Amino acid sequence: MLSFKPLTIIALITSLLISCTREINVDYGVNDVAIYETKAQKHKAKNEAEYIAILYTNLTQEAISPNLLYQTQNVMYSIGDQNVAKEMLLSNYFNSQNLKIPSDVEMRLNVEQFVIATYKRFLLRLPSEAEKQWFIRYIENNSNVTVEMVYTAFAASDEYGFY
Amino acid sequence: MRSNMKRKEFIKKSAITLGGALVGPYILPSGRLFARTGAEKAAHVVMVMFAGGVRQQESVLGRYLEDSQGVSGAAGNIMPNLFTGNAPTKKVVYGLDIPGEPKGTDPIPRIVSSPLASQGLVFNEVTAQSAGHYVGLNTLITGSRGIAQGLKVRPKSPTVFEYLRKHRGFAATDCWFLGNGIGNSTPLLNSSDNLDYGLDYGANMFIPPVTFGSFGRTVLSNAKPYSNLELEPMYNMKSFLDQSFALEKSLQTTIKNTDEERTRVKAFIRNTYTKQSLGQIAYPPSGSGGDAVNVAYAGEILKEFKPRMLALNLSQVDGCHSNFTGYLRSLHRADHIVGWLWEFIQSIPEMKDNTIMIVAPECGRNLNPNPILDENDWLAFDHSDRNAMRVWSVMVGKNVPQLSVGDEDNPVGRLTDIVPTIADIFGVYEEVMGSGYIDPLAMSQFLRV
């Protein structure tokens, strides 16, 4: 008569042999691709908190404090025309010292690169050729256009309010 | 021959130009030619949504403590700016505090020369369509019954602002809504999300205790004043981006001003912060809290924009859920600030003698109290029963008849009458009534009399 212990060991080995399968490594050879949004897919509106937190982080490269977020959210909610609220908020930010944005000289050194970077920074996508050319021409033909103006236009745009 | 041709061409072009000049101004935002159905009764309307649930008994009926706390001989009118009648002489607690005397023994003197009800049209017993605040406010601002109206969503039916902007061609800065707080979905009342009207026709809005309170100062008061030279490129670039994105109407989240209007509204906000710091904002002398702040900034809006339509809400009276004495004090002060507002309107040359003000509660309050006692051992009142569907309205100003309509036993009119009345004032009654969104039992108060 077999003892209990060898039977247990046999059962364990058998179950291991049955349950184990060989792992197959598959390599499809896919290249790394940077993925950007398209404007056609943006149909969810950012709420006030999302808009403010994303904008603040975008411009200062720091997270907004919960207290300031709460206050800003309430103020945004208290103004009927959100474009008025956004433009006021932006001009308030641009009047502060802790912004991390390119200088006007940097913008004018390579306008094309600036336009592409601005589309990626705010709209999380690449500009279409027509969009890129329009902005390059507009900035080059208007010497008074500053980074602040371009950033205000992007941050107050309808598209920036959606994701 | 040649000169003949020239003359013919000249006459043809002149006729086209003249036709265009005559018709052009009357093409509405809706794309339709302007078709007014009646003459305008006044150039401006101010509507006060008063003031957070008001019992008939302590307001238009002037019964003070008699019908609420069973104190006999304590009847009297505590709203001297709106209604006629002598003040109570017994247990006066609603007035100003005099040092060394019991609280509230000194009633605030009347501001207007005679009670507004005696100067205009008062409906003494009006049927409200809801016993709740938000649906009640919706009723006042949309003229619909508010059936299936949810909280935290915009009105289902078009607001009076949308009717006026679409059918009367008013600009966004001609229409204003001022709320006294951001709670209770109040900031959603400046426009509906109705696809026939909606945000394209919505009103400008501020919640003054927030926009111009400490939060607003922290967040916005450091905003740069941009010159037109700086604004133009910003607006051009934004316009290009917006055209490229082509936002669908159903996804729109905000009302829109023109670039010029937006610049003006931003300048107004900045100037208001400056006036605040210089102590130049006019306040009702004995008002306090969010309601008084709301009315004070309504005054600033009236001065700057001379809006064709301005609506504001007051709500401090709602403290009646737990404090009846506080309710009496708030009611007395709400009356005071409405009197102040009417006098303020008369101080603006463009609006004096050319404005109609309409005051009406969004709902009433219960007949029977809840068990909560206040400092005077008086019982508080909620709003959920049939008595809470009893309200009144007062209208005063240009072309308003001096009449008192209906009484406790003879209700006349509905709260949904207010929007048709405003449509009637601006001469677009048929268009608004024909929109399909107005309560079928509603009609202009001018026609009810």
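Reply: Let's start with helix H8 (residues 147–155) of chain A and helix H7 (residues 228–245) of chain B, which pack at an angle of about 40° with their axes 8 Å apart. This is a predicted model, where local features need pLDDT of at least 70, side-chain atom pairs count only at pLDDT 80 or more, and totals for chains, interfaces and linings use all residues. Residues are numbered from 1 along each chain as its sequence is written, while chains are lettered from A and ligands numbered from 1 in the order in which they are written.

Helices here are DSSP runs of H or I with at least four residues, numbered from the N terminus. Each axis is a line fitted to C-alpha atoms over the stretch in contact, and angles run from 0 to 180 degrees between N-to-C directions. Why is the pair H8(A) and H7(B) called oblique? Angles under 35 degrees count as roughly parallel, over 145 as roughly antiparallel and 65 to 115 as roughly perpendicular, with the rest oblique, so H8(A) and H7(B) are oblique to each other.

The crossing of H8(A) and H7(B) is also right-handed, meaning that the near helix is turned clockwise from the far one by less than a right angle.

Now for who touches whom: H8(A) brings Met149(A), Val150(A), Thr152(A), Ala153(A) and Phe154(A), and H7(B) brings Glu230(B), Pro233(B), Met234(B), Met237(B), Lys238(B) and Leu241(B). Contact means C-beta atoms, placed from the backbone, within 7 Å. These contact residues split into 8 nonpolar, 1 polar and 2 charged (nonpolar: Ala, Val, Leu, Ile, Met, Phe, Trp, Tyr, Cys and Pro; charged: Asp, Glu, Lys and Arg; polar: the others, Gly among them).

Definitions and conventions:
Helices (H or I, at least four residues) and strands (E, at least two) are DSSP runs, numbered from the N terminus. Two residues are in contact if their C-beta atoms, placed from the backbone, lie within 7 Å.
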